[in-house]
Amino acid sequence: MSNYHIKHLEEYFQVYRKSVTNPELFWEEIAEERFLWRKKWDRVLSWDFEKPDIRWYEGAKLNITENCIDRHLLPIGDKTALIWEPNDPSEAAQYLSYRELARRVNKMANILKKLGIRKGDRVCIYLPMIPELAIAVLACARIGAIHSVVFAGFSSVALATRIQDSSCKMLITSDGSYRGNKTIDLKGIADEALKSCPSIENVLLVKRIGSEVQLQSGRDHWLTEFWEEAAEECTPELMEAEDPLFILYTSGSTGKPKGMVHTTAGYMVYTAYTFRNVFQYKDEDIHWCTADIGWITGHSYIVYGPLLNGATTVMFEGVPNYPDFGRFWEIVDKHRVTQFYTAPTAIRSLAKESLDYVNKYSLSSLKILGTVGEPINEEAWHWYNDNIGKGRCPIVDTWWQTETGGILISPIPWSTPNIPTYATLPLPGVQPALLDDEGHELKGNNVQGKLCLKYPWPGIARTIWGDHQRFKDTYFSTFKNMYFTGDGALRNDVGYYRITGRVDDVIIVSGHNLGTAPIEDAINEHPAVAESAIVGFPHDIKGNALYGFVTLKESGESRDHNNLKKEINQTIAEKIGSIAKLDKILFASGLPKTRSGKIMRRILRKIATGDYADLGDISTLLNPEVVEEIIEKSKEV
Ligand code: WTA
């Protein structure tokens, strides 16, 4: 039996048992099975959740890019590593073989060195979803520089904060980017940010849209200036297992963004292993994760996980609704995608549209569907299953976080029987615990509590850049000897986990704990509803009452809104109980969302309490304009 690739449920249970009875042996065998180590580890794991201090494969030496690229050159050098699909479908897609990827990564790595970048330096990458983004990430890893990718939809303020926090020495960006029918002046945004970023010595510019840009002499350089003469060989820097690989910022519930630090060996082993199993990867597969590389999902399941397995990975520059709502399905058809991995918010937005957009294309290549980023509601799950998977593709509802590096809880296709809205079972090596508010672990099944992990896995973040105390306070201080995820979950009668949402979204109404996710699920089942978000607001008798922010499908817009409100509450009463009925309902044209598609409940909570003064920074929202609309309407509700 190979630990590395689980093929049926019984095998899962065997492997899982082994992984928790002897985790070190388990992860040692995994690490020995596939990777290129320049020196083996002295010790598999040492850890202390109090400090916290977590080390995997200490003493080992390696370079992750040798594992992502060089290792594949001999056996599969001509295989396509990367398929790049442009924003505009009339532009040609690009296909980069492993050999070509090696050539470009090495050239880029040599250019970074020429511009003074050395092991341990931080390089900020602010690029659209073009091949150079993946190449820049790998080039940093090649020379031991720490990449910090900032999503190219972030504002100049957000970019500057991130550059400053980790004192990046270089910025890699482009003249601009395409997103649907918009072009974005990335260089202009970067220039604005760099006014307050003295640590940046050089800016490397990729040409994408061909706009006129102002170059600051001595600081700004076109990549093409160096490209031709850059050597195609670049000796990989020998890295220690625990050398940082990258920093990725994630927003906390308070304060400035947290620069999560991931290190080399553990992250490598974990993303490779989870990719292999959750997506049941086979050599001929074409894997498409629709995330942006600016998020952890893109880091782990567009770049590192697939390449570590010698897979073909698709990178898409555009958006799901350009030139029309069929774009995702067109791409699946065009590239014969086998694994399709996206977010529930994307599914819901496409499910609102006519099925003609789906049915125009052949989705017969698909084998596995995935979701990530938020709880998937039942209606969206069924739409995905019925119309995209045609009832024949397992859906992996993968739960994880920026902090966890890779997927922690997920079905294994064809092994784990699915139940919609359940992330199901922990992957091997993952030891979840549910805790009550007093910190007692809830044993057995049919329990609900705060989701923690009681044992480290190789992909766990090691610290917050420059603020280890905050790392400790945020994740390791709520409960003793536990990593606290900030999420709530329940474990049902067969031991399956269902993520109920952030615990800060739990609302206590008349003494009853109500999770927002199941109520939202219920509302979303109403045929006129597109999307909803529930928050609590203070209520004299109940303690808290519920406020629902709802967007309607076109069919709902034309209906009498008072009747709709009654029907929505009726639906909730039916699905959950009268206790969960909403006291207030506001219909809006959209809900405020982060760039990664998460609903900003924090803003809705403030509006629900009539506190319009301090909504915080809304400039990084995907759709700041809806906030104004919601404020106005809330005055009438
Ligand atoms: C939520 C994304 C329910 C959760 C990889 C987590 C999910 C946060 C799921 C992390 C899922 C992610 N079901 N909730 N399958 N996946 N989440 O850091 O609240 O962007 O804590 O990482 O998203 O978001 P992040």
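What follows is a short exchange about a predicted model and the terms used to describe it.

Me: What is the basis of the values and numbering here?
Reply: This is a predicted model in which local features need pLDDT of at least 70 and side-chain atom pairs count only at pLDDT 80 or more, while totals for chains, interfaces and linings use all residues. Residues are numbered from 1 along each chain as its sequence is written, and side-chain values use heavy atoms, with hydrogens and water left out.

Me: What makes a residue count as near the ligand, and which come nearest?
Reply: One of its heavy atoms must lie within 4 Å. There are 16 residues around the ligand, and Asp-397, Thr-398, Gln-401, Thr-402 and Asp-487 come nearest. The shell divides into 6 nonpolar, 5 polar and 5 charged residues. H10, strand E20 (395–398) and strand E25 (497–502) each supply at least two residues of it; helices are DSSP runs (H or I) of at least four residues, and strands (E) of at least two.

Me: How do you know that H5 and H10 are in contact?
Reply: Contact means heavy atoms within 4.5 Å. Helix H5 (residues 131–143) and helix H10 (residues 296–308) pack at about 65°, with axes 10 Å apart; the angle, on a scale from 0 to 180 degrees, is taken between N-to-C directions of lines fitted to C-alpha atoms. H5 contributes Ala-134, Val-137, Leu-138 and Ala-141, and H10 contributes Val-303, Tyr-304 and Leu-307.

Me: Why is this contact called nonpolar?
Reply: Ala, Val, Leu and Tyr are among the residue types that count as nonpolar, so the contact divides into 7 nonpolar, no polar and no charged residues.

Me: Where is a cis peptide bond found?
Reply: One joins Lys-51 and Pro-52, with omega about -20°. Pro-52 is in the loop between strand E1 (43–48) and strand E2 (53–58).
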